[in-house]
Every structure is written in structure tokens, then in C-alpha cells.
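Me: Hi! Could you walk me through this model while I have it open?

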Amino acid sequence: MNHALIQFFVAVVFGTMIFSHLTKKNFGASMAYGVQSLAVAALLFGSFLETQNKLILIVVICALIVKVVMAPLFFSRLIRKHALMFSASTYLNTPLTLIAIAILTFIAHSQKFAAVTGIVPANQALLSLALAAMFLSLFLIVNRKGALSHIIGILSLENSIVVFTIFAGLEQSPALQLGILFNIFIWLMIAQVFISMLYKHFGSLNITSMQSLKG
Amino acid sequence: MELVLIFSSLLIAVLVCLFVKRRIVVECASLLAVAIALVESILVALRVAAHGEYSPHVFFSVDALGALVMLIISIVGCATVGYSIAYLRKETAQNVIGQRRVRQYFILLNLFLMAMFLAITANHPIFAWIAIEATTLATAFLISFYNKPSAMEAAWKYLVINSVGLLLGFFGTLLYFTAMHSLDGNEFVSWQMLLQNAAFLDPLIAKIAFIFVLIGYGTKVGLAPMHTWLPDAHSKAPAPISALLSGVLLNVALVVVLRFKLITDAVVEPSFSQILLIVLGLLSIFIVALIMLTQNNYKRLLAYSSIENMGIMSLGFGFGGLGVVGAIMHMMYHALIKSTLFLSAGTIFLRYHSTKIAKIRGMLTALPVSGALFFIGFLAITGTPPFGIFFSKVLIVTGGMHVHPMMSALALVLMAILFIGFFKQVSAMAFGDVPTEVEVGEKNIWLILPPLALLVLFVVLSFYLPPFLSTLIRSAASHY
């Protein structure tokens with residue numbers, strides 16, 4: 001695959017993470033996840049073009065079905081069902097969030113992680129960006145109060161790890177990748193059921209409204 | 001053959017629970033499956049003790065520690081399934097749950113047991129990760145089983161924190177695969193291959209990878225400061241599930257951490273992983289010591305005690321030498337006694353309809369056997385002589401005295417504080433007048449037998465270890 005195209009897809013993964021932090025609407029965040037997953041699937045397709053391994057093509061198709069089609073559809077259904085249009089509730093305000101994003105991106109590019117991002121020296125910039133996307137996913141889970149954002153954060157973290165493995169040459173066998181995808185699919189189903197049950201019990205998906213464990 | 005029988009019997013039990021509506025069939029299928037698993041686990045343990053590592057297929061491998069944990073899963077699993085039958089019948093009679101929920105419960109319980117067996121026998125680190133993630137998915141609905149807001153909140157917390165933790169663990173796991181650069185990407189990479197190729201691993205990457213693994217799987221182990229989900233999840237789940245979560249699942253995750261420790265130690269100084277384990281172990285004990293005195297819920301008390309005990313095991317593995325022997329014995333003893341405690345806590349809950357310590361008075365009068373089991377369990381878990389946990393703690397602290405005397409002394413002081421905290425709470429429950437609305441006397445023998453069997457086994461193993469168990473412990477200690 002063309003190097004510029006690869007850079008573009010990794011930039012899309014990183015960019016969608018920033019967008020997920022800044023968007024005020026749940027729908028925007030779920031669409032960002034869909035776009036991010038599409039970029040990841042495109043990178044996996046690049047692996048297929050390189051290796052011509054048909055099993056990788058199956059992985060790509062499964063990733064497309066689970067992450068690009070099903071996940072955003074699930075999210076949209078939940079958003080419509082529970083009228084969860086807006087979920088801008090964060091612990092840090094936007095300027096502070098941007099500062100935190102900048103710091104995390106800097107840390108991912110710093111010498112502290114040079115050993116990790118230098119696994120394949122030719123891909124150091126791409127690995128640094130994937131690591132930054134991982135950090136931003138974790139920050140999304142920590143900074144957002146909405147349960148839906150937590151799900152998107154966890155799924156984005158998984159996407160970022162997949163991107164990292166591609167450029168670090170740590171891709172697992174297609175059979176294992178399918179196993180991991182199956183796990184994610186089940187996780188997604190369970191998370192969807194939980195979101196509905198949480199809404200039923202608490203009337204909100206804001207985790208600060210869940211106080212029943214206190215006292 | 002043994003592993004095939006274990007997995008197929010549990011899978012058949014899941015299918016029976018899915019498609020058969022008759023309760024008795026569901027219960028019998030689950031009991032039979034776990035009984036088969038117990039027999040087969042014993043056979044595997046005997047084989048490993050006699051011939052060393054058992055690898056019936058490229059995907060599966062059982063070493064000495066794996067065989068011990070398989071025994072723990074099947075023994076506690078057997079007691080749990082047996083207890084669940086009586087426990088759920090009582091809850092159905094009290095209209096707490098319906099018949100459909102009983103089937104769901106046994107489906108998830110069998111899946112949970114199967115995932116734990118898979119995690120411990122998987123010969124591929126990623127395969128083990130998938131199985132550990134599967135335990136999270138199977139248990140999330142078991143924690144929220146009562147469908148109450150607090151149970152939902154606990155289950156959500158469990159799902160999110162553990163999923164994040166396991167993804168970090170997954171990243172750490174992948175970093176270890178950098179050692180395999182010289183191999184074809186599609187080759188099956190076993191634990192042994194990772195260890196054999198450890199020399200190709202960059203020491204700095206090994207350190208970073210171990211930190212990720214320790215934080216990731218350590219979340220599942222319940223080590224502080226990643227422990228926050230554990231008291232909520234273990235206290236909100238039905239009592240038999242809490243027994244499995246506390247007594248078994250934490251050990252399964254710890255074994256995965258130890259397998260990565262082995263690889264890390266082959267690349268960098270063992271002191272690196274040892275210090276990390278000691279720090280997290282001590283922190284876990286310290287945090288629980290602070291919290292124990294102020295607890296007002298006896299199931300949470302037991303959950304915090306699990307964090308403490310995982311911390312003690314972590315200390316033992318960190319100290320090395322004699323500490324490792326102590327930690328392995330502690331793992332076995334803790335699994336048996338903590339399950340006894342949770343199962344008897346379930347009976348206390350059924351009688352008093354509350355998990356608040358303040359509402360439990362006269363436990364030894366109201367429930368002469370279950371109350372006594374709980375009380376003896378408390379004495380045993382806090383390390384009172386002459387029970388096995390006393391000896392395992394002595395071994396761990398003795399092991400630590402040679403290498404980290406200050407840390408060992410601090411651990412001893414914290415354990416003493418914990419004993420006082422635990423004693424204050426349990427003595428308040430055990431004695432006093434039984435509330436007038438609470439019936440006196442044991443009503444169901446099937447609620448007594450499973451925890452009693454576990455306690456008897458615990459007491460026997462405290463004084464006598466069968467030769468095959470001694471061999472497994474020695475072999476595991478020399479390996480880890």
C-alpha cells in the first residue's frame with residue numbers, strides 16, 4: 001500500500017480520537033468511531049495486499065461488519081431509543097482537554113517510549129501516533145462522564161492497539177484475530193444490553209448519577 | 001483426553017441449560033459436568049506430578065501451577081454448583097428470582113468455569129487473554145443477576161475497569177511478541193517459545209511490557225490501586241458466584257502475570273518484577289488495613305480480604321525462594337477458605353435478608369453450623385494457628401525476612417491490624433441476641449454440605465499434603 005495512504009489512515013485514527021474528545025454529540029462520537037474503524041480495516045486490507053493471505057481478507061470483512069457497520073448502528077439505535085443526543089459532560093473543560101491531549105501526544109512521542117515506538121525504526125512516527133491514539137482513548141474513558149463514551153473509548157483503545165500491532169510487525173495469525181474480533185462482538189452486545197439496563201435503572205447514562213453503591 | 005472431557009462436559013451442560021426447561025435436568029447436567037471436571041482435573045494433576053508438564057495438544061499445556069489451579073477451579077466449582085442448586089431453590093421459593101433466571105444462571109456459571117479452564121490451560125498467551133476476557137463477559141451478567149441498581153452499577157464498573165485493564169494487558173502481551181521477530185508471523189507461539197526466545201527481547205521493552213501486563217492483568221487480580229471494582233462486584237454478585245470470583249478467578253489472572261514474570265526475569269534482573277510485585281502487594285494490604293475497620297457490609301469485608309490475600313501472594317512471589325512456596329500454598333488455602341466464607345455468607349444472607357454487619361447478631365445461635373463455618377473461616381483466613389494460612393503466611397514472611405526485612409516487618413504489622421479489624425466485625429456478628437424476626441436453626445442441609453466439605457478439605461490440607469500435591473507445589477515453586 002502507498003506510504004502516503006498509510007500515513008493518511010493512521011492520521012484518520014488519531015484525528016477521530018481528537019474529534020471524539022471535542023464533539024458535543026454522542027452521534028458524532030459514534031460516527032467518528034465508525035470512520036476510525038474503517039481506517040483500521042483499510043490498514044488491515046493493506047496487510048492482505050502484502051501477504052495475499054485470504055484469511056486476512058476474512059478478518060477485514062469481519063472487522064468491517066462488526067466495527068464499521070454494527071457498532072455505529074448499535075450506538076445510533078441507543079442514541080435514538082434513549083434520546084441521548086448530547087453528552088458533552090466531561091470532567092475537564094475544552095481548553096484543559098486540549099492541553100491534556102497535547103501532553104499525552106507529546107509523551108507518546110517522547111524518549112520515554114522510544115523503545116516501544118522504535119520496535120520498527122522505519123515506522124517510528126506511525127507507532128508514536130498509534131501510541132498517542134491509545135493514550136487519548138484512555139483519556140476519553142477517564143474524562144467523559146457518559147457510559148456511551150466509555151464504550152467508544154474502550155473500542156477505540158482496541159483499534160489503536162490493532163494499528164500499533166500492524167506497524168510493529170506484531171500482527172497475530174488470522175485465526176487469533178478472528179477470535180479477538182468475536183470477543184469484541186460479544187463485548188459490544190453485552191455493553192449494549194448494559195447501557196439499556198443502566199438507562200432503565202438510573203434514567204441517565206451519566207455515571208455520576210450512579211450513586212447506589214455509596215453508603 | 002482429560003481436557004477434552006472437561007471442556008465438552010461443560011459445553012454440553014451449557015447446551016442442556018439452553019434447550020431444556022426442566023430445572024432438575026439443568027441442575028443435574030451442571031453438577032455432572034463439574035463432577036467430571038473434578039475427576040479429570042485430579043487425573044491431570046496426578047499425571048503432571050508424575051511426568052511433569054502435560055501438553056496433549058499444541059493449543060493446550062498444563063504445568064505444575066496450572067494443574068494446581070485446575071484443581072482449585074474444579075473443587076471450588078463443584079462446591080459452588082452444589083451450593084447454587086440449594087441457594088437458588090431457596091431464592092425461587094422466596095420469589096427473589098424466577099425459573100428462567102435459574103437457567104440463565106447455570107448457563108453463565110458453566111461458561112465461566114469453562115473460560116477459567118481455558119485460560120489456565122491455553123498454551124498461547126493471546127488465547128489465554130481471549131479466555132480471561134471471556135470470564136469478564138460471562139460474569140458481568142452474573143454480577144448484575146439481581147437486576148438491582150447497585151448490582152447494575154457494580155457490574156458496569158466491573159465491565160469497564162476490567163475491559164480497559166485487559167486491553168492494557170493485551171498490549172503488554174503483544175510487546176513480548178517482539179522477541180519472535182525471527183519467526184514467521186503465522187507460527188503458533190506458545191508460552192515456552194516466548195521463554196526460549198526471551199534473549200531476543202529488548203530489556204527496556206520487556207520492562208514496559210511487564211508494567212502493562214501487571215497493570216492489565218493486575219486489575220483482574222484485584223491488586224491495588226486497580227482494585228476498585230472488586231469490593232463492589234464481589235459483594236453484589238450471588239454468594240456462590242462471589243466464591244468463584246474471589247477464590248478462583250483472581251488466581252487464574254495471577255498465574256498469567258507469573259508466566260510473564262518468568263519471561264521478564266529471563267531478560268532483565270529478576271529484582272525488577274519482584275520489586276513491582278512487592279510494592280503492589282504491600283499497597284494492597286495497606287489499603288485494606290485502612291478500610292477494614294470501617295466496613296459495614298460483611299460481603300464487602302470478604303471482598304476486601306481477597307484483595308489483602310492477593311497482596312500477600314504477590315508479596316510471596318516478589319520475595320522469591322521460600323516466599324514462592326508460601327505464596328503457592330496460600331493460593332490453595334485461600335481459595336478453599338474464601339469460598340467457604342462466601343458460601344456460608346450466602347446462608348447468613350438467606351436467613352437475615354441483609355448484608356449489613358449491624359443487622360447480623362447472634363449468628364452462632366441462629367445458624368449453628370453455617371455461623372460456625374463463617375467464624376472458623378474468619379479465624380483461618382486471618383492466619384490464626386494452626387490452620388494452613390498461618391503456615392503459608394509464616395513461609396512468605398520468613399522468605400521476605402532474608403531479602404526485604406523491612407517490607408516483611410511492615411507486612412506483619414499490617415496483617416495484625418487486619419486481624420483486629422476483621423475480628424471486630426465478625427465478633428459483632430457472631431454473638432449477641434438473635435433479632436426476633438430471624439428464625440433459629442439450620443433448615444437446609446444442602447446449604448451446609450458444600451462449605452463444610454471445603455472447610456474439611458482445608459483443615460485436612462493444613463496438616464497433610466498428599467504426595468502428588470507436595471510434588472506439584474515443589475515443582476511450581478522451583479519454576480516460578
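Me: Which way does H12(B) cross H17(B), left-handed or right-handed?

Reply: H12(B) passes H17(B) in a left-handed crossing. Keep in mind that this is a predicted model.

Me: Okay, and what is the angle between H12(B) and H17(B)?

Reply: Helix H12 (residues 298-319) and helix H17 (residues 405-430), both of chain B, pack at about 160°, and their axes are 12 Å apart. Angles over 145 degrees count as roughly antiparallel, so that is how H12(B) and H17(B) run relative to each other.

Me: Which residues make that contact?

Reply: From H12(B) you have B:Tyr298, B:Leu301, B:Ser305, B:Glu308 and B:Leu315. H17(B) brings B:Ala411, B:Leu418, B:Phe422, B:Gln425 and B:Met429. By class, the contact of H12(B) with H17(B) has seven nonpolar residues, two polar and one charged.

Me: Switching to the chains: how many residues of chain A are in contact with chain B?

Reply: There are 31 from chain A, in contact with 32 residues of chain B. H8(A) gives the largest share of the chain A side, 12 residues. That side divides into 20 nonpolar, nine polar and two charged residues.

Me: Nice. What about the largest nonpolar core, which residues touch the most other members?

Reply: The core has 260 residues, and those touching the most other members are A:Ala130, A:Val163, B:Leu68, B:Met116, B:Ala155 and B:Ile328. Helix H3 (residues 64-93) of chain B supplies the largest share of this core, 19 residues.

Me: And what does A:Val163 touch?

Reply: Leaving out residues up to four places away in sequence, A:Val163 touches A:Val10, A:Val13, A:Val40, A:Leu43, A:Ala130 and A:Ala133.

Terms used. Residues are numbered from 1 along each chain as its sequence is written. Chains are lettered from A and ligands numbered from 1 in the order in which they are written. This is a predicted model: local features need pLDDT of at least 70, side-chain atom pairs count only at pLDDT 80 or more; totals for chains, interfaces and linings use all residues. Two residues are in contact if their C-beta atoms, placed from the backbone, lie within 7 Å. Helices (H or I, at least four residues) and strands (E, at least two) are DSSP runs, numbered from the N terminus. Ala, Val, Leu, Ile, Met, Phe, Trp, Tyr, Cys and Pro count as nonpolar, Asp, Glu, Lys and Arg as charged, and the others, Gly among them, as polar. Axes are lines fitted to C-alpha atoms, for helices over the stretch in contact, and angles run from 0 to 180 degrees between N-to-C directions. Angles under 35 degrees count as roughly parallel, over 145 as roughly antiparallel, 65 to 115 as roughly perpendicular and the rest as oblique. A crossing is left-handed if the near helix is turned anticlockwise from the far one by less than a right angle, and right-handed if clockwise. A nonpolar core is a set of buried Ala, Val, Leu, Ile, Met, Phe, Trp, Tyr and Cys residues joined through C-beta atoms within 7 Å. A residue is buried if 20 or more other C-beta atoms lie within 10 Å of its own, exposed if 12 or fewer, and partly exposed in between; C-beta atoms are placed from the backbone.
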